[in-house]
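Here is a short report on how the parts of one model meet. It takes the contacts one at a time.

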Amino acid sequence: MRERAQRRRRRRPAAASLILAAAAASGVLAACSGPASDELVWYINPDTGGQAAIAKRCSTDEYTIKVQELPQAADQQRIQLARRLAAGDPAIDLMSLDPPFTAEFADAGYLADLPEDLVTKLRAQSLKGSVTAATWNGKLVVAPFWTNTQILWYRKSFAKKAGLNMTKPVTWDQIIQAADKNGGRVGVQANKYEGYAIWINALIAGAGGTLLTNAEKGADATITIDSPAGKAAAKVIQTLAHSKAAQPDLSVSQEGQVLAPFQSDRGAFQVNWTFVYGTYAGSPTAKDLGWAMYPRTEADKPARPPLGGIGIGVNSHSEKVGKAMKAVACITSPENQGIYASTDGNMPASAEGYKQPELTKKYPADLLALFQESVNAAAPRPATPYWSDVSSAIQSSWHPPSAVNEGTPAKSQKFIEDVLQGRRLL
Amino acid sequence: MKGKMGIQHWLGFAVILVWCLLPVVWIISLSFKSEAETTSGSPQFLPKEPTLDNYREILKDSDFTHALINSFGISLIATFLSVVLATLAAYAIARLDFRGKKLVLSLALAIAMFPVVSLVGPLFDMWRTVHLFNTWPGLIIPYMSFTLPLAIWTLAAFFREIPWEMEQAAQVDGATSWQAFRKVIVPLAAPGVFTAAILTFFFAWNEFVLAISLTSTTDARTVPAQMSFFVGPDPFNPPYSQLATASVIVTIPVIVIVLLFQRRIVAGLTSGAVKG
Amino acid sequence: MSTDAAAADAVRTADSPAKRPHKSDRAVAENRLGMKLVAPAVILMLLVTAWPMLQALYLSLFRYRLTQPDDREAVGLQNYLTVLGDSLFWKDLWNTVLIMIVTVAVELVIGFAFAMVMHRIVFGRGVMRTSILIPYGIITVVSAFAWQFAFSLNNGFVNAWFSWLPWIDSDTNWFGDHWHSMFAIMASEIWKTTPFMSLLLLAGLAQVSEDMIEAAKVDGATWWQRLWKVILPNMRSAIMVAVLFRALDAFRIFDNIYVMTRGAQDTESMSFLTYRQVIEQFQLGMGSALSVLLFLMVLILATLIVKLFRVNLAQARGEG
């Protein structure tokens with residue numbers, strides 16, 4: 001023990017004071033200043049820089065718009081925002097909101113009313129699907145900024161090899177069979193996340209069904225997933241998961257994970273958002289890239305593609321609602337929508353936006369027409385303040401895809417009902 | 001037994017090194033892969049064409065550099081304050097007789113075992129009401145509470161070994177009590193305080209549950225939390241190589257501390273049970 | 001100085017007030033000073049633990065959702081009944097216990113092997129100590145990412161390096177099913193915490209007297225017998241302290257799961273379940289009930305381990 005004490009004595013105490021000094025110095029950094037009165041803070045979903053550029057363009061002498069980036073996953077964006085909005089935090093002015101959570105935010109009173117003239121203008125300019133996605137209880141609660149949709153992307157060479165006529169609507173069965181027989185793969189989003197719920201919703205809508213009705217009753221909404229349409233959706237997932245057309249990482253695949261395999265020798269089909277075209281631009285795949293309407297769940301019913309995008313909402317606790325509304329009008333102008341689409345690959349929420357020269361120069365006309373057709377045919381996720389519960393409940397009863405079978409819709413229906421009534425843990 | 005090093009010990013030596021360092025080397029290697037390489041799939045261990053792009057990119061990313069500042073600031077302040085309070089408490093425990101001493105030690109132990117997750121709900125609610133949500137103090141306060149037990153126990157163990165009689169001896173030799181404290185006790189206690197500081201810093205630097213629950217922007221978000229929200233230039237693809245780069249950067253302080261103070265850390269961890 | 005001595009020391013100082021006769025002014029002053037010195041630390045520790053825990057207890061009696069504050073209603077013990085009657089709760093509890101048992105057992109074996117090597121090794125001690133401290137000091141989130149990438153299908157080396165094993169091929173999706181995911185999570189946990197285990201065991205090993213081992217050797221005991229009859233029994237307290245701390249730590253596993261699977265493939269732990277209810281679903285009522293249950297479980301677990309192994313709490317130190 002004596003020996004240890006001596007050894008310790010040799011240590012320099014100087015190092016300790018170094019830490020203390022550093023602690024004291026960093027204390028100064030802790031003092032943070034709030035946003036300046038002429039600054040609007042816009043919380044954006046991550047993109048490749050387009051929203052930051054718009055923020056710069058829409059800043060005026062009266063105010064500058066500053067962007068703050070939210071996490072990547074949609075459910076994480078909701079969590080980050082809702083926690084601060086619930087706290088009545090005025091440091092958020094503008095928000096880029098994903099459609100499924102718009103209802104929840106509007107219902108909780110987090111969103112400031114859009115002024116009458118802006119609503120009129122937005123209703124006039126926006127695509128039908130875009131308006132649906134931005135509406136809660138019959139009221140336009142956010143300003144449609146861009147509207148996303150999924151289409152079927154395919155390798156032309158593969159479709160030819162498989163002898164599939166892509167000028168006619170195709171069904172899920174057809175593309176899975178074609179890929180399975182010819183060594184190709186079908187890329188989908190089946191990780192346990194929002195994207196999987198999007199796929200399931202599209203499949204069910206494609207079979208003429210819905211996830212739920214009477215959404216305005218909140219937790220007492222009628223769940224309708226246990227239906228022939230639900231079973232048809234389960235059938236598609238089951239077929240893909242057990243065929244050779246499934247990616248080996250099917251159960252964790254998200255939008256990004258399907259991009260690389262699509263470029264490989266086994267690349268055949270993928271359902272994915274509009275950004276895909278820009279991703280492959282300039283790569284060898286570009287020449288072989290084909291596009292078509294989202295696959296049908298049933299041969300005799302039209303496809304109901306997924307709908308996504310962003311609406312701009314204004315925080316009801318913001319101290320600058322008036323300025324923020326002016327900024328919203330600027331951000332969502334068709335011109336900015338068009339520029340944003342050309343830079344970031346996220347398509348406009350208005351027909352006028354689709355006509356912007358920046359966009360028409362960069363994208364083939366038939367693709368732009370397909371995007372608009374797809375948006376108008378799309379089936380949005382049901383607008384309910386409880387969407388995050390419904391979505392999570394669907395994800396847990398339908399994941400992993402390889403475990404989906406005939407009984408899944410019934411099981412899932414019971415589970416969603418129990419969760420909404422607080423009888424089950426999610 | 002010293003000097004008898006068989007082949008099995010050499011083998012063991014090699015196994016330990018590989019075990020400890022392989023994942024670290026892997027993450028370093030990954031940080032030198034280009035984004036294009038990881039996007040198209042890159043299962044080989046070493047980068048095809050090593051590049052520094054990731055480091056350049058990430059140091060330009062203001063969200064990440066903010067998080068780094070937050071991490072340093074919050075960890076250092078929490079460490080400093082926690083060690084100060086712990087020093088007072090540990091001195092009392094090692095040197096003084098007072099009622100409730102055992103209770104304090106048991107309380108500290110109980111808190112060291114506390115499931116942090118069960119606090120995030122009520123803490124979130126409390127911090128929201130008193131406006132500490134998403135602020136530095138909002139993290140510093142809980143970090144202090146959870147590092148205090150560690151610091152108190154470590155320091156108490158160190159203080160018990162200090163030959164306090166020397167202080168009186170110095171006073172007898174004519175030193176004032178302040179001189180005796182400064183010249184005799186401080187040099188003896190400093191290594192213990194320092195060790196407690198390192199262990200506390202590691203805890204705060206590593207903490208994740210509170211960091212994701214009690215922050216929501218780069219005003220207070222620390223590196224581990226920022227990494228879990230990390231978005232690369234391609235929003236639809238996990239930025240493998242950039243995450244690896246961020247990992248390497250936050251690991252540098254750890255490696256520096258370990259390189260400089262390995263003996264102290266081992267001594268602190270094992271409560272003076274290891275010789276050397 | 002040995003752990004036993006430290007323990008004895010701790011007991012002695014803790015008990016000393018009773019032993020020493022003191023009614024003098026000096027003793028009263030000392031008592032007062034002692035209390036004053038520990039007060040700030042104690043108050044702070046209670047502020048962030050005891051107070052929120054009481055709040056959780058209260059909130060757990062309500063059905064209360066952050067985004068629907070108007071619908072808050074008192075439901076008595078309903079939340080507890082719902083939780084305890086739910087298969088998800090038991091599934092997650094089972095996962096947590098499984099992770100705890102497997103990781104602690106594996107760490108104990110590997111950590112002991114490491115400790116044996118470190119104990120015997122003559123040179124390169126500095127290098128070894130440095131390398132063993134790196135996993136200890138590294139951020140858990142970083143460890144989780146490193147292993148997630150290592151196991152990743154398109155960007156990991158595990159499949160490429162180990163495809164000669166019959167159950168691994170280049171298409172093995174480590175996050176595609178329950179057991180593979182659990183394996184990956186445990187690998188990260190074990191990698192990061194084995195060093196801590198081995199250092200504690202090394203400390204215990206240092207106390208086993210070489211003379212006793214030599215004596216056993218002279219008596220003709222095999223290496224195996226020496227290990228079981230001499231070395232391990234003499235390290236009992238070090239092993240128990242290590243198990244106690246690692247077990248409680250493993251029971252709270254969160255970071256690895258959050259980063260690697262986010263609970264997919266049924267890999268949720270108790271901590272993760274609680275976190276999701278409170279922070280992600282804003283179910284403050286239900287989440288608080290889970291918080292209270294989690295706290296009780298840790299308490300029971302700690303008591304069980306202490307009772308079972310008769311660990312002297314005074315010697316157990318405050319490692320987080």
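## Chain C against chain A

Chain C and chain A share 3 salt bridges. A salt bridge here is a side-chain nitrogen of Lys or Arg within 4 Å of a carboxyl oxygen of Asp or Glu. Arg424(A) pairs with Asp86(C) in this way, with the closest N and O atoms 2.7 Å apart.

H14(C) gives the largest share of chain C's side, 5 residues. Helices (H or I, at least four residues) and strands (E, at least two) are DSSP runs, numbered from the N terminus. By class, that side holds 14 nonpolar, 12 polar and 8 charged residues. Nonpolar covers Ala, Val, Leu, Ile, Met, Phe, Trp, Tyr, Cys and Pro; charged covers Asp, Glu, Lys and Arg; the others, Gly among them, are polar.

The two chains bury about 2,500 Å² between them, 50% of it on carbon and sulfur atoms. Buried area is the accessible area (1.4 Å probe) that two parts lose on being put together, summed over both.

## Basis of the model

This is a predicted model: local features need pLDDT of at least 70, side-chain atom pairs count only at pLDDT 80 or more, and totals for chains, interfaces and linings use all residues. Residues are numbered from 1 along each chain as its sequence is written, chains are lettered from A and ligands numbered from 1 in the order in which they are written, and side-chain values use heavy atoms, leaving out hydrogens and water.

## Chain B against chain C

Chain B brings 108 residues to this contact, and chain C brings 111. Contact means heavy atoms within 4.5 Å. The pair buries about 10,000 Å², 75% of it on carbon and sulfur atoms. There are 0 salt bridges. Chain B's side has 73 nonpolar, 21 polar and 14 charged residues.

## Two domains in chain A

Chain A is assigned domain 1 (39-148 + 307-377) and domain 2 (151-304 + 386-420). The bounds come from an automatic or database domain assignment. Their C-alpha centres lie 26 Å apart. The domains bury about 1,600 Å² between them, 67% of it on carbon and sulfur atoms.
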